[in-house]
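The sequence and the structure come first.

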Amino acid sequence: QVQLVESGGGLVQPGGSLRLSCAASGSILSIYAMGWHRQAPGKQRELVAVITSTDSTNYADSVKGRFTIARSNAENTVYLQMNSLKPEDTAVYYCNADLRDWRTARRNDYWGQGTQVTVSS
């Protein structure tokens, strides 16, 4: 009943920027947190950034100072502004939401399909 749709991925040169967007839709009662994870080939999925309903944020050490997470409550959307991109940022980026579905009264984590970010010269 809930869907997350990411957009904004693509190919960018080192030092460039991208902005990822993720829109949550469906029978959403409450969103507790939204965030981004990434997974490079052959590596574990890792937390990139998360923002809570109280606007508390956390970032992976590797992206601090370069990435910024933000949200729009009215649109149930989370953004990830990525600046000063490095080749090691190359990965599939997945949107995640911790939310409650009013149709089922269940609170669960939901995931988007992922969007590819490639940083290469």
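The sections below describe a predicted model.

## The disulfide

The structure holds 1 disulfide. Its partners are Cys22 and Cys95, with sulfur atoms 2.0 Å apart. Cys22 belongs to strand 3 (residues 18-26) and Cys95 to strand 9 (residues 91-101), so the link ties together parts that are 73 residues apart in sequence.

The angle about the S-S bond is -85°, which makes the link of Cys22 and Cys95 left-handed. Both Cys22 and Cys95 are buried.

## The nonpolar core

The largest nonpolar core has 30 residues, and those touching the most other members are Trp36, Val48, Phe67, Val78, Leu80, Met82 and Tyr93. Two or more residues each come from strand 1 (2-7), strand 3, strand 4 (28-39), strand 5 (46-52), strand 7 (67-72), strand 8 (77-82), strand 9 and strand 11 (115-119). Strand 9 gives the largest share, 5 residues.

Val48 shows how parts of the chain meet here. Leaving aside residues up to four places away in sequence, Val48 touches Trp36, His37, Arg38, Asn58, Tyr59, Ala60, Val63, Phe67, Leu80 and Tyr93.

## Strand 9 and its partners

Strand 9 is mostly covered, with 9 of its 11 residues buried. It pairs with strand 4 in the antiparallel sense over 10 bridges. In this pairing, Gly35 stands opposite Asn96 of strand 9. Asn96 also has a bridge partner in strand 10, namely Trp111.

Strand 9 and strand 10 (residues 106-111) run antiparallel and are joined by 6 bridges. Leu99 stands opposite Asn108 of strand 10. The hairpin of these two strands has 4 residues between them, and Ala105 takes a positive phi near 65°. With strand 11, strand 9 forms another antiparallel pairing, over 3 bridges. There, Ala91 stands opposite Val117.

## Salt bridges

Side chains of opposite charge can pair when their charged atoms come close. The structure holds 6 salt bridges. One of them joins the side chains of Glu46 and Arg38, at 2.7 Å from N to O.

Another salt bridge joins Arg66 and Asp89, whose closest N and O atoms are 2.8 Å apart. Arg66 lies in the loop between strand 6 (57-59) and strand 7, and Asp89 in the loop between strand 8 and strand 9, so the pair ties together parts that are 23 residues apart in sequence. Arg66 counts as buried at 10% relative accessibility, and Asp89 counts as buried at 1%.

## A charged pair on the hairpin, and a network

The side chains of Asp98 and Arg107 also meet in a salt bridge, at 2.8 Å from N to O. Asp98 has 17% relative accessibility and so counts as buried, the limit being under 20%. Arg107 is partly exposed, with a relative accessible area of 43%. Elsewhere, salt bridges that share partners join Arg38, Glu46, Arg66 and Asp89 into one network.

Conventions. Residues numbered from 1 in each chain as written. Predicted model: local features only at pLDDT ≥ 70, side-chain atom pairs only at ≥ 80, totals over all residues. Heavy atoms only, no water. Disulfide = S-S within 2.5 Å. Buried < 20%, exposed > 50% of the residue type's maximum accessible area, 1.4 Å probe, protein only. Core = buried A, V, L, I, M, F, W, Y, C linked by side-chain atoms within 4.5 Å. Contact = heavy atoms within 4.5 Å. Pairing = 2+ DSSP bridges. Salt bridge = Lys/Arg side-chain N within 4 Å of Asp/Glu carboxyl O.
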